[in-house]
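Welcome! Take a moment to look over the sequence and the 3D view before reading on.

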Amino acid sequence: MTDDVLREAVSDWVEETTPRERIHSVIERTYDAASADEIAEQAETTPKTARKHLAELSREGFVTETSDSDRQATLYKRSSTSLVLEEAARINDSLSKPELVDRITELEAEVEQHREQTGADSPADAVLQDTSVDKELLFEWRGTARNLRFAKAALAISQAEHAVEQPHAG
């Protein structure tokens, strides 16, 4: 029964979407690089069709390509730029500009607190200087630094969008 439901769901997905949409969806959820054949299989399309759409998605910056000499294949994965843009858009949708500025200030203070606590400039430096640094602290610091980078990217995008919407006369 479960297999029948799964087959029907996949059939509906194929019927209701284009191969490009399915390939985009597969890549969106793929964290490890995969071959066009693997992506085609998951997207319920042919490898030739997958390669065509993957090349387009690569030109658009959504996908990055790497060569795998062991497998003699081109591998594809979602670009880090598209991930950053998606996260920045999510942040901009959930916070007003003043809230975002406040959040950046809070995150910068947390990063500074970690620096003062460890005497290091970054988590990597903390490990190099002292191998007994609390792993939980390092994990928290890395997450805070990552969130700060995303928040700053969101603010930069927000400011750029505002500049495009409100060009200065001149």
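Predicted model: local features only at pLDDT ≥ 70, side-chain atom pairs only at ≥ 80, totals over all residues.

## Ser 35, in a strand

Let's begin with strand 1, which covers residues 34-35 and includes Ser 35. Is Ser 35 buried or exposed? Its relative accessibility is 9%, and because buried means under 20%, Ser 35 counts as buried.

Which residues touch Ser 35, once neighbours within four places in sequence are set aside? They are Arg 71, Thr 74, Leu 75 and Tyr 76.

## Ser 82, in a helix

Now find Ser 82, which sits in helix 5. With a relative accessibility of 9%, Ser 82 is buried.

Leaving out neighbours within four places in sequence, Ser 82 is in contact with Gly 61 and Phe 62.

## Where helix 5 meets helix 8

Two packed helices are described by the angle between their axes and the distance between the axes. Here, helix 5 (residues 80-94) and helix 8 (residues 135-165) have axes that come within 8 Å and cross at roughly 75 degrees. The two helices are therefore roughly perpendicular to each other.

Which residues make the meeting? Helix 5 brings Val 84, Leu 85, Glu 87, Ala 88, Ile 91 and Asn 92, while helix 8 brings Phe 150, Ala 151, Ala 153, Ala 154, Ile 157 and Ser 158. Sorted by class, this contact has nine nonpolar, two polar and one charged residues.

Key:
Residues numbered from 1 in each chain as written. Heavy atoms only, no water. Helix = DSSP H or I, 4+ residues; strand = E, 2+ residues; numbered from the N terminus. Buried < 20%, exposed > 50% of the residue type's maximum accessible area, 1.4 Å probe, protein only. Contact = heavy atoms within 4.5 Å. Axes fitted to C-alpha atoms, helices over the stretch in contact; angles between N-to-C directions. Parallel < 35°, antiparallel > 145°, perpendicular 65-115°, else oblique. Nonpolar A, V, L, I, M, F, W, Y, C, P; charged D, E, K, R; others polar.
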